[in-house]
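Could you walk me through this structure, one feature at a time? I would like to learn how each one is read.

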Amino acid sequence: DAGKGIAANEPKMKEATNGISDLISGTNQLKSGMDPLKKGLSDIEDGLKQGSMGSDQLKSGMEQIYTNSKALLNGYKQLLGGYQNVENGLGDLLTGYNQTADGVKSAQDLLQSTKQNFINLDSNPTFSQNPDYLAIKSNVQDAQNITGSLGESLEQLNAGLAKAQAGITTANSQFIDAIAGQEKLVKGMEGIVNGIAQQKAGLDAMANGQGQIVSNLSKFSAGFNRLNDGQQQLLVGFEDLGGQMNQLSDGLTKSADGLNKVSDGLNSAQDYLADVSKVKQNGFYIPQDVLEGKDFAQVLDVYLSKDRKVMTLDVVFNKNPYSISAINRIPVLVQTVKRVVKDTKLENATVAIGGVTSVYHDLDSISEHDYSRTVVLMLAGISLILIILLRSLIMPIYLIGSLILTYYTSMAISETIFVNWLGYSGISWAVPFFAFVILMALGIDYSIFLMDRFNEFKHISVEEAILLSMKKMGTVIISAAIILGGTFAAMMPSGVLSLLQIATILLIGLFLYAIIVLPLLMPVMVKTFGEANWWPFRKYKNQQEQL
């Protein structure tokens, strides 16, 4: 069927070949039109550059106009200030003239009121013939006439000044509007200058873009050439495709045979899955032919004993097998095996774990058990010896407490050095045991040196007794600590990590106990308890003193 379909498609293949030939012809025509297009784009680029140059000149002229308009605006503002001053001066002048006119009018009224007085005096012969009186009367009449004329002139002048002031006020209001218009003009000129600058930037960008288009047209033409070559190759490929169709027909026939084989394989897989579904939840399925094969027999020989009753499984950690984290995985493995074999035929089987990590886990467990037992026995024995030697229950308590404090402080400092600073995984499992035994033995010796001498000075006060004891034994204790410190420091060059860690803990512990704990903590404890340091044997001590 596939071969028949391929034969039916041969006319369509010929039509596709003809179409590709027409496409090649159209591509060649498009290539021939690229040169006129390139010339037209170059002309557009030149025009954009000329427009940009014209924008520069226009911008320069507009900037000059903007500057002159701004200067003219400042002049208008100064002129407006002068006109406003003139308006204020005219107002003051008009006020003064009005006051003068009022004064002239008052004088005229006053002179008018003297007219009746002169009439009364004229009836008196003494005054009517007196030359001085007549002269005064003549002067008063002349002054009356002059003040009348002067009053009329001042009224006319005041009317003119009022009109002048009104005109100046109107002019100033119009001048303010003119200045506001000038300010808008200046702002408009500023916007025009900015717009011309933006126009120039846009023209420059367009010119640059046009130049890039022109420069890339050659690449576009090269692309048409490659497209033409590709079309030629496509045409050749279609011509070769006809011959390859026959090969495809043969391949489809072979593919049908392969599909038949796949169908047989799927049937086999279906049978395998059916067998797997019959297996219990905690088991797994192995086909019978695999169990009977030679390869599987070799696997059984590797992981099972000859009698097939002992099985070995290899577990490889993804971390350092000597590390603490790997050692802590051993109990997890034991629990995992027990959980897996539960409710199976291997449920009652004996499970054992070996290897380096398991050995170190067992050593760690034994060491921890021995360490706990040793600590209890040592502390009990040392406490008993101190009670008998010092004849006190109080002093052994804080002596042993100071040793325990020194030990754990030394362990903490050493772990910081080796783990946080030097990058080791932790303190070796044997180190805490040996460090505790040695440090407790040395520390209790130094304590006995000091406190036994303290007991020798019972007859004096507690403060004097401890000070005198420290003076007597301080040099001995510090000398012994220095000598032992040098001895333990000799283990440093060995290069063995356990010895390095033990030496470090002992050096730190000796330094802390000899330099800090005994000189500082012991006197404080002795001073705090006072006479109770010898409890409960203090009564026996008093009886001895009485004897």
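Predicted model: local features only at pLDDT ≥ 70, side-chain atom pairs only at ≥ 80, totals over all residues.

Q: Thanks! How many helices and strands does the chain have?

A: Helices (H or I, at least four residues) and strands (E, at least two) are DSSP runs, numbered from the N terminus. Here the chain has 16 helices and zero strands.

Q: What share of the residues is buried?

A: Buried means under 20% relative accessible area, exposed means over 50%, and partly exposed is in between (1.4 Å probe, protein chains only). Of the 547 residues in this chain, 25% are buried.

Q: Let's turn to contacts. Which residues does L403 touch?

A: A contact means heavy atoms within 4.5 Å. Leaving aside neighbours within four places in sequence, L403 touches M440, G443, I444 and Y513. L403 sits in helix α12, which spans residues 394–421, and is buried at 3% relative accessibility. Its C-alpha atom is 7.6 Å from that of I444, although L403 and I444 are 41 residues apart along the chain.

Q: Is T406 buried or exposed, and what does T406 contact?

A: T406, also in helix α12, is buried, with a relative accessible area of 3%. Beyond its neighbours within four places in sequence, T406 meets G509, L512, Y513 and V517.

Q: What share of the contacts joins residues at least 24 apart?

A: Taking contacts between residues at least 6 apart in sequence, 77% join residues at least 24 apart.

Q: How do I read a salt bridge, and how many are there?

A: Side chains of opposite charge can pair when their charged atoms come close. The rule asks for a side-chain nitrogen of Lys or Arg within 4 Å of a carboxyl oxygen of Asp or Glu, and the count comes to four salt bridges. One of them joins K77 and E183, with the closest N and O atoms 3.3 Å apart. Because K77 is in helix α3 (residues 34–113) and E183 in helix α6 (residues 131–276), this pair ties together parts that are 106 residues apart in sequence. K77 is partly exposed at 40%, and E183 is partly exposed at 30%.

Q: Where do D370 and R373 lie?

A: D370 and R373 are three residues apart in helix α11, so about one helical turn separates them. Their salt bridge has its closest N and O atoms 3.1 Å apart. D370 is partly exposed at 25%, as is R373 at 46%.

Q: Which residues have a positive phi although they are not glycine?

A: Most residues other than glycine have a negative phi. Here D343 has a positive phi of about 65°, and R391 has one of about 50°. D343 is in the loop between α10 (330–341) and α11 and is exposed at 61%. R391 lies in the loop between α11 and α12 and is partly exposed at 37%.

Q: Last one: which residues make the nonpolar surface patch?

A: Such a patch is made of residues with over 30% relative accessible area and no salt bridge, with nonpolar side chains (Val, Leu, Ile, Met, Phe, Trp, Tyr) joined within 5 Å and like charges within 9 Å. V299, V302, Y303, M311, L313 and L346 make a nonpolar patch of about 610 Å². Among them, M311 is in the loop between α8 (294–303) and α9 (324–327).

Technical notes
Residues numbered from 1 in each chain as written. Heavy atoms only, no water. Areas by Shrake-Rupley, 256 points an atom, 1.4 Å probe, with all protein chains shown as cover.
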